[in-house]
Amino acid sequence: MGSTHFLDGQWVDEQDLKISAFDLSVLRGFGVFDFLRTYHHVPFELDTHVDRLFDSAKAIGLDAPWDRNQIKELVKIGIEKNQNGQDLEVRIVATGGVSSDFITPGKPSLIMIFHPLTTYPGECYTEGVKVITFSSKRFLPASKSLNYLAAVVATRQAHGEGAVEALYVDEQGRINEGTTSNFLAVVGDSLITPPVSEILLGVTREVIIKLAASEGIKMEEKPLYVRDISQFQEAIITSTTKEIMPVVKINDQIVGDGKVGPITRRLANSFKSFVNSI
Ligand SMILES: Cc1ncc(COP(=O)(O)O)c(C=O)c1O
């Protein structure tokens with residue numbers, strides 16, 4: 001049996017999950033989304049994801065005439081409807097709506113897509129992964145807008161080079177975040193996260209910051225430069241599906257000693273305990 005999705009008040013099969021080609025999300029990439037997963041069939045950090053959806057909409061001036069509690073309820077109903085014993089990922093999309101002049105937003109559509117969870121091979125966590133750098137900067141980084149043009153191009157390049165992710169590097173040479181992940185590095189005795197003004201406030205990153213605090217790991221928010229990669233003892237990408245993924249190579253440069261480091265290990269273990277307690 002296929003999945004059941006949500007579109008503007010209706011539960012529909014994939015073949016009926018259709019919007020107008022006049023919608024600004026299709027024509028201009030104008031719209032926002034959020035993306036969450038379940039652990040043991042429970043939506044992870046649902047309040048935070050729904051709040052971020054509304055923050056994303058506000059940041060680009062997208063009308064979001066929905067009730068937060070109603071969206072949360074619909075996510076839970078959708079998870080129930082799509083239950084097949086495995087965990088799911090949920091994509092909530094708010095489109096720009098049908099435009100009369102191809103540029104002015106119209107009445108937004110609300111879409112929820114339920115899909116089996118994307119997972120990564122175990123070696124990604126035990127051995128660590130390679131990432132590449134890619135020159136780009138997200139427009140309005142705090143907004144999870146539908147414009148992932150750079151992400152599609154950069155990810156294809158990353159995969160072509162045997163990497164799992166591409167890190168955006170801006171004109172100042174700062175590594176801000178990945179195409180669909182946040183980036184953190186251990187330098188000296190601190191876990192460094194790039195300035196929040198330059199990144200999407202990743203939900204996984206927020207959880208990691210709390211866990212690091214309770215583990216007594218020192219954290220600092222400051223820029224991480226490409227020219228300083230040789231000083232990174234450890235590097236991590238975090239996201240809803242990647243969770244805490246150790247980075248052992250950036251382009252052709254080995255990070256630290258090329259193995260998963262102790263701080264990454266501690267964080268990954270405490271993240272595992274945290275999600276297992278759900
Ligand atoms: C640009 C960007 N940064 C960071 C993240 C990580 O966010 P989260 O941990 O909420 O999945 C994502 C997730 O897709 C993203 O698209």
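A polar contact here is a pair of N or O atoms within 3.5 Å; within protein, one must be able to donate a hydrogen and the other to accept it, and residues adjacent in sequence count only if both atoms are side-chain atoms. This is a predicted model, where local features need pLDDT of at least 70, side-chain atom pairs count only at pLDDT 80 or more, and totals for chains, interfaces and linings use all residues. Residues are numbered from 1 along each chain as its sequence is written, and side-chain values use heavy atoms, without hydrogens or water.

Start with the ligand. What lies 2.9 Å from an N or O atom in the side chain of R52? An oxygen atom of the ligand. K144 places a polar side-chain atom 2.7 Å from a ligand oxygen. For the T240 side chain, an N or O atom is 2.6 Å from an oxygen of the ligand. Taken alone, the ligand exposes 390 Å², and the protein buries 97% of that. Those areas come from the Shrake-Rupley method with a 1.4 Å probe; for residues, only the protein chains shown count as cover.

Next, backbone angles. Most residues other than glycine have a negative phi. H41 is not a glycine, yet its phi is positive, near 70°. E243 is not a glycine either, and its phi is positive at about 55°.

Where is H41? In the loop between strand 3 (31-39) and strand 4 (42-43). E243 lies in strand 14, residues 243-250. Strands are DSSP runs of E, at least two residues, numbered from the N terminus.

Last, F102. This residue sits in the loop between strand 5 (88-95) and strand 6 (110-116).

Methods: Helix = DSSP H or I, 4+ residues; strand = E, 2+ residues; numbered from the N terminus.
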